Amino acid sequence: MQPRNMSMSGVVDLAAVKAAQEAKTKAEQTRAEAVRQGGGGAVSPADLVIDVDEAGFESEILQRSAEVPVVIDFWAEWCEPCKQLSPVLERLAVEYNGRFLLAKIDVDANQMLMQQFGIQGIPAVFAVVAGQALPLFQGAAGEAQIRQTLDQLVQVAEERFGLTGLTVDPDAVPGGGGGGAASEAEEPVGPYDALLEAAVRALDAGDLGGAIQAYRNVLTDDPGNPEAQLGLAQAELLQRVQGLDPQQVRADAAGNPKDIGAQITAADLDLVGGHVEDAFGRLIETVGRTAGDDRDAVRVRLLELFEVVGAEDPRVVAARRSLARALF
């Protein structure tokens, strides 16, 4: 079976900003509690690779994914490719020094977990970040590809979910030295954390306008802040569909295919409802039959929806190609 790359952006949906902030807060609370108990939350390198079964899945994977990305290696004793892949993952778990936790699941002894993840062949590698599962790759993979995938996972976990990983005891690391996750866990709170938390509180209270303003305040000083960019795009989308009658919107769009306002609004509802391809297809078709300012308005909205889903999502990549064909 050939390896299959998966986009990290798939971990983020319309609830991602709230989930990210909650995960970040929980991670900070977990580390603070460990410090209060005198342990500092430090682990040894041996603790970075664990065996997990169905009984321990919630505590060892779901709960721990609130403080560190958990990479799951589905394997079996009879699987020859697994015997090549597993040692590489175990070595990299130690090398990454707490940036992710490796959980090994024997599929023969845990058939229910295999079914729940929809695994049809092994080896199969998944990740769980802040309680959200996503596939990484399936089948044999080279170390360069594995490193690239893990780097992307770690980056997404940190930037979108505030997960800086586990602190590894420097005295237990072969050769000493420390650093890595230990130093990152001690980094001071970022300058925009308070504003981002305010945005999440506003979302919890149903104050979409307040959330939008909080995200804009961050972007005023830091235009490239990825969490604020994503949060603003999602909050604005939710604000646009708030109070709409879905049946009426869809009826208007079906009855008035040349009405760009009706098509744009229907596309917003499509995306909120999880019908990503439908939303993109609707607007691309509208671009193809419009011109001038109308076409530009549809194009701009489509680009905004791309921002919500994520630039690396394969559906966005495909839609961009279709948009280019429609424009040129």
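Guide: What follows begins with the model as a whole, turns to the core and its surroundings, and ends with the other packed regions.

This is a predicted model, in which local features need pLDDT of at least 70 and side-chain atom pairs count only at pLDDT 80 or more, while totals for chains, interfaces and linings use all residues. Residues are numbered from 1 along each chain as its sequence is written, and side-chain values use heavy atoms, with hydrogens and water left out.

The mean pLDDT (the predictor's confidence in each residue, from 0 to 100) is 80 for the protein, and 80% of its residues reach 70 or more. Contact here means heavy atoms within 4.5 Å.

The protein has 14 helices and 7 strands, these being DSSP runs numbered from the N terminus (helices H or I, at least four residues; strands E, at least two). Of its 328 residues, 45% are buried, where buried means under 20% relative accessible area, exposed over 50% and partly exposed in between, with a 1.4 Å probe and protein chains only.

A nonpolar core is a set of buried Ala, Val, Leu, Ile, Met, Phe, Trp, Tyr and Cys residues joined through side-chain atoms within 4.5 Å. The largest such core has 27 residues, and those with the most contacts inside it are Ile61, Ile72, Phe74, Ile105, Ile119 and Ile122. Two or more residues come from each of helix H2 (57-62), strand S3 (70-75), strand S4 (101-106), helix H4 (111-116) and strand S5 (124-129), and S3 gives the most, with 4 residues. Beyond its neighbours within four places in sequence, Ile105 is in contact with Val52, Phe57, Ile61, Ile72, Asp73, Phe74, Trp75, Asn110 and Leu113. Apart from this core lies another, of 26 residues, which includes Ala253, Ile264, Ala279 and Leu283.

When neighbours within four places in sequence are set aside, Ser86 is in contact with Asp73, Trp75 and Lys104, and at 6% relative accessibility Ser86 counts as buried.

A search of the whole structure finds 1 disulfide (a pair of cysteine sulfur atoms within 2.5 Å). This disulfide joins Cys79 to Cys82, with an S to S distance of 2.4 Å, and the link is right-handed, with 80 degrees about the S-S bond. Cys79 is buried at a relative accessible area of 3%, as is Cys82 at 1%.

Elsewhere, the axes of helix H12 (residues 276-288) and helix H14 (residues 314-327) come within 9 Å and cross at roughly 10 degrees; axes are lines fitted to C-alpha atoms, for helices over the stretch in contact, and angles run from 0 to 180 degrees between N-to-C directions. H12 is therefore roughly parallel to H14, since angles under 35 degrees count as roughly parallel, over 145 as roughly antiparallel, 65 to 115 as roughly perpendicular and the rest as oblique. Among the residues that make this contact are Phe280 and Ile284 of H12 and Ala319 and Leu323 of H14.
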